[in-house]
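Please look it over first, then read the notes by topic.

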Amino acid sequence: MSSDHARWMGAALALASRAVGSTHPNPPVGCIIIQNNKVIGRGHTQPGGRPHAEAMALQGINAQGATAYVTLEPCAHQSPRGPACTDALIEAGVGTVVIACQDPDPRTNGAGMARMQAAGITVISGVRAAEARALMPGFMASRPHIILKLAMSLDGSLALANGTSQWITGKRARIHAHIERARADMVLVGSGTLAADQPRLDVRIPGLDRHPTPALLGKGPAPDGWAHFESLEKLAQSSAHSILVEGGAGVAASLLAADMVDRLLIYRAPILMGGRGISLGLTTIPHDRWIPGRIIDLGPDRLETFTRNR
């Protein structure tokens, strides 16, 4: 891999990361256009999925002979929402397109690269592909990427025996959890948490204008404007690319038992509940293994992240 290709793709990945959580039903994509070793255009997928990253990057520039770095294969299909990015790059006269990963959508999968090559564009793919996939795991898997958030004591309790859980963690941990909400398409709780806490499931960070869809798993009714899934099977069929699950113990245990959790966020508070609090309540020793990720100190609390080893 050329070091220049890796470096410029890194810039495109940084642009794509800005769009995570805001682009559904499309994935977050970044694009940067280079000419004579200088950036002449940049863009990422806009809120709601349009315009695409390539369209943003091409606005108002002369890209003749330039190199475009895109974190996902440019779309090759026409849509009522906008033109195909493959055609836009061809019409702009770019000389080279460097792609991180191939689009799994059957309407584009490989067709975008083939069309650009047929038009005389040099196409290079696979540059920092794993990092690009990590920004859009639900889109790449064609099923929701489920993230389970758990706030717990040192001895593994999620709440007191009477169900009280506000607040196990401190302010910094709760702010970080709101950032994670902003990166998800949907935030989900169970009927028990809805009844006990009446959660808003919104993002309450000034200046961060993201609005994931609130959702209920279990028997209704769900509040107005909420998505509602009465079973895990229905949840697995959701069109959301990423779902953050915030409670409670029953929902968490059922998702873990069904092996539907892809990532764990454990916010651990330095408190003890004496072993009498509410825990996940699993009845068998699980054989699932989780890959440890980042550990972040958030004031007195600590976030531990894990990825499911599939």
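The notes below cover a helix, a group of paired strands, the cysteines and some backbone features.

The model is predicted, so local features need pLDDT of at least 70 and side-chain atom pairs count only at pLDDT 80 or more, while totals for chains, interfaces and linings use all residues. Residues are numbered from 1 along each chain as its sequence is written, and side-chain values use heavy atoms, with hydrogens and water left out. Helices (H or I, at least four residues) and strands (E, at least two) are DSSP runs, numbered from the N terminus.

**Helix α1**

- Helix α1 covers residues 3–18, which makes 16 residues.
- From first C-alpha to last, α1 reaches 23 Å, close to the 22 Å expected at 1.5 Å a residue; the expected span is 1.5 Å times one less than the number of residues.
- The buried residues of α1 are H5, A6, W8, M9, G10, A12, L13, L15 and A16. Buried means under 20% relative accessible area, exposed means over 50%, and partly exposed is in between (1.4 Å probe, protein chains only).
- An α-helix has 3.6 residues a turn, so residues three or four places apart point the same way.
- The cover over the buried residues of α1 includes the strands β1 (30–35), β2 (38–44), β3 (67–72), β4 (96–101) and β5 (122–125), together with helix α5 (129–135).
- R7 lies over the face of W8, at 4.5 Å from the ring centre. A charge sits over a ring if NZ of Lys or CZ of Arg is within 6 Å of the ring centre and within 35 degrees of the ring normal.

- Strand β6 (residues 145–152) pairs with β11 in the parallel sense over six bridges, and the partner of I147 in β11 is R263. Two strands pair if DSSP finds at least two bridges between them.
- β6 also runs parallel to strand β10 (residues 242–247), joined by four bridges; here L148 stands opposite V245.
- Seven of the eight residues of β6 are buried.
- β11 pairs with strand β13 (residues 301–308) in the antiparallel sense, again over six bridges, and R268 stands opposite R302 in β13.

**Two buried residues**

- I266 lies in β11, which spans residues 263–268, and I266 counts as buried at 9% relative accessibility.
- Beyond its neighbours within four places in sequence, I266 is in contact with L150, M152, R302, L303, E304 and F306. Contact means heavy atoms within 4.5 Å.
- I266 and F306 are 40 residues apart in sequence, with their C-alpha atoms 8.4 Å apart in space.
- T169 is in the loop between β6 and α7 (171–182), and T169 is buried at a relative accessible area of 10%.
- With neighbours within four places in sequence left aside, the contacts of T169 are A151, R174, Y267, A269 and D301.

**Cysteines**

- The structure holds zero disulfides, a disulfide being a pair of cysteine sulfur atoms within 2.5 Å.
- C31 is in no disulfide, and the nearest cysteine sulfur, that of C85, is 8.4 Å away. C31 is buried, with a relative accessible area of 0%.
- The sulfur of C75 has its closest cysteine sulfur in C85, at 3.8 Å, which is too far for a bond. C75 is buried, with a relative accessible area of 6%.

**Backbone features in loops**

- The peptide bond from H24 to P25 is cis, with omega near 15°; P25 is placed in the loop between α1 and β1.
- R50 and P51 are also joined by a cis peptide bond, where omega is about -10°. P51 lies in the loop between β2 and α2 (53–58).
- N37 is not a glycine, yet its phi is positive at about 65°. N37 is in the loop between β1 and β2 and is exposed, with a relative accessible area of 52%.
- R128, another residue other than glycine, has a positive phi near 55°. R128 lies in the loop between β5 and α5 and is partly exposed, with a relative accessible area of 25%.
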